[in-house]
Amino acid sequence: MNNPPRAADPSANAADSVTEDLRDSVRDVLREQCSLGHVRRIVDGDREPEQALLRIAAELGWMGVALPEDQGGSGLGYGALCALYEELGRHLAPLPLLPLAMCIEALATCHSPELKRHLPPLVAGECSATVSSLDQAFDARAVRLRRLGSALQLHGRLSGLQGATDAALLLLFARDEEGALHVLLLDPRRDGVTLVDRGSSDLTRTLCSADLDGLEVSADRLLVGVDAEALAERLLSHACLALASDAMGGAAAIFELTVDYLRTRHQFGRAIGSFQAIKHRAADLKVQMEASTGLLRQAVAAADLGQASAPRLAAMAKFHACDTYARVAAEAVQMHGGIGFTWEHHCHLFLKRAKLNQQLHGRSEWHQDRIARSLSANALEVL
């Protein structure tokens with residue numbers, strides 16, 4: 001798949017220009033509000049920098065970047081949204097934008113006035129939301145739904161709920177006894193859902209779980225007029241692009257930090273970066289990062305154009321970028337030698353974030369298996 005030539009497409013050039021302006025603006029804000037010093041304070045339990053960043057993000061309209069203008073957003077599409085995710089990853093920002101933006105995208109497709117009333121406060125940053133892990137949406141055993149008259153009974157357990165500690169809304173997928181997929185929006189406090197903080201190796205983010213066995217909720221919690229299978233696929237692609245973008249931003253930041261160290265740390269009278277063995281390791285990482293970035297850009301363009309290959313490309317971008325980030329961060333710890341192994345050094349913050357990105361919304365092996373089955377099915381159709 002080839003992208004249209006940029007020089008011959010003025011609208012594409014204008015969109016690129018808007019995206020880069022947004023990227024510069026976000027980077028300036030994060031440089032001031034979310035330095036590694038701020039991140040260290042948040043990791044140590046000081047929530048003031050996190051709350052200040054949330055307020056600024058809401059004021060600048062980051063939550064509604066991809067939402068159509070007629071629904072209160074900026075209508076800039078996945079290209080701009082992924083530029084935002086990339087900058088958040090570069091600065092290790094603790095902002096739980098991904099579950100919030102996914103919930104906004106789901107509500108934008110909903111026809112229920114009762115549920116759609118939650119959209120404006122979400123876009124304005126007045127409340128937060130969390131979303132069940134999307135790989136669970138495709139697992140018939142994860143969360144099951146039974147109809148009991150006008151009520152619904154849920155069974156199962158949710159895990160990996162990102163940014164859920166303060167969430168006012170919980171979006172989840174469940175399958176009924178006939179195997180049909182449904183999507184629900186719950187109010188955890190009102191509906192009796194207990195969110196349990198499970199901790200996270202990545203201290204810049206929080207993860208919760210929720211036991212739903214026997215939980216009864218009103219049927220008006222269902223998102224009506226929504227093709228749940230299509231929505232799950234779309235939100236999974238959104239999550240893949242977001243995590244891939246976060247990964248490439250983080251990989252770029254820790255790589256630059258490491259190269260700076262290789263230039264300044266001297267041994268035997270020379271900068272250690274001048275040794276051939278170190279140069280080759282750094283060059284290998286750079287090549288892998290460029291390949292992942294290229295794949296990500298192609299996946300984002302396919303999503304904005306609504307191409308049939310978009311879900312598959314998003315999954316490929318996710319596992320490729322997240323695996324690259326994990327490798328770059330692990331190598332950075334090694335290249336920093338003794339100081340890289342101390343928890344006080346920034347290397348570990350990037351490494352833990354990279355490891356969690358690999359796990360969220362489907363591991364690499366799960367995505368690779370889905371891609372293989374999709375390609376096999378397409379090949380059989382051709383035959």
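Within the sheet, R147 has L152 of β3 as its bridge partner. The structure is a predicted model, in which local features require pLDDT of at least 70 and side-chain atom pairs count only at pLDDT 80 or more, whereas totals for chains, interfaces and linings use all residues. Residues are numbered from 1 along each chain as its sequence is written, and side-chain values use heavy atoms, with hydrogens and water left out.

Strands β2 (residues 143–148) and β3 (residues 151–162) run antiparallel and are joined by six bridges. Strands (E, at least two residues) and helices (H or I, at least four) are DSSP runs numbered from the N terminus, and two strands are taken to pair if DSSP finds at least two bridges between them. Two residues separate the strands in the hairpin of β2 and β3, where G149 adopts a positive phi near 65°. Strand β3 also pairs with β8 (residues 215–218), in the antiparallel sense and over four bridges; here A151 stands opposite S218 of β8. A further antiparallel pairing, again of four bridges, links β3 to β7 (residues 207–211). In that pairing, L158 has A210 of β7 as its bridge partner.

Residue E105 is located in helix α5, which spans residues 97–108. Its relative accessibility is 10%, and E105 therefore counts as buried (buried, under 20% relative accessible area; exposed, over 50%; partly exposed, in between; 1.4 Å probe, protein chains only). The E105 side chain forms a polar contact with the side chain of Y78 at 2.8 Å and another with the side chain of R234 at 2.7 Å. A polar contact is a pair of N or O atoms within 3.5 Å; within protein, one atom must be able to donate a hydrogen and the other to accept it, and residues adjacent in sequence count only if both atoms are side-chain atoms. When residues up to four places away in sequence are not counted, E105 touches Y78, R234, L235 and H238, contact being defined by heavy atoms within 4.5 Å.

Helix α13 comprises 13 residues (347–359) and reaches 19 Å from its first C-alpha to its last, close to the expected 18 Å at 1.5 Å a residue; the expected span is 1.5 Å times one less than the number of residues. Of the 13 residues of α13, 10 are buried, so the helix is largely enclosed by the rest of the structure. The buried residues of α13 are C347, H348, L349, F350, L351, R353, A354, L356, N357 and Q358. After α13 comes H361, with a positive phi near 55°.
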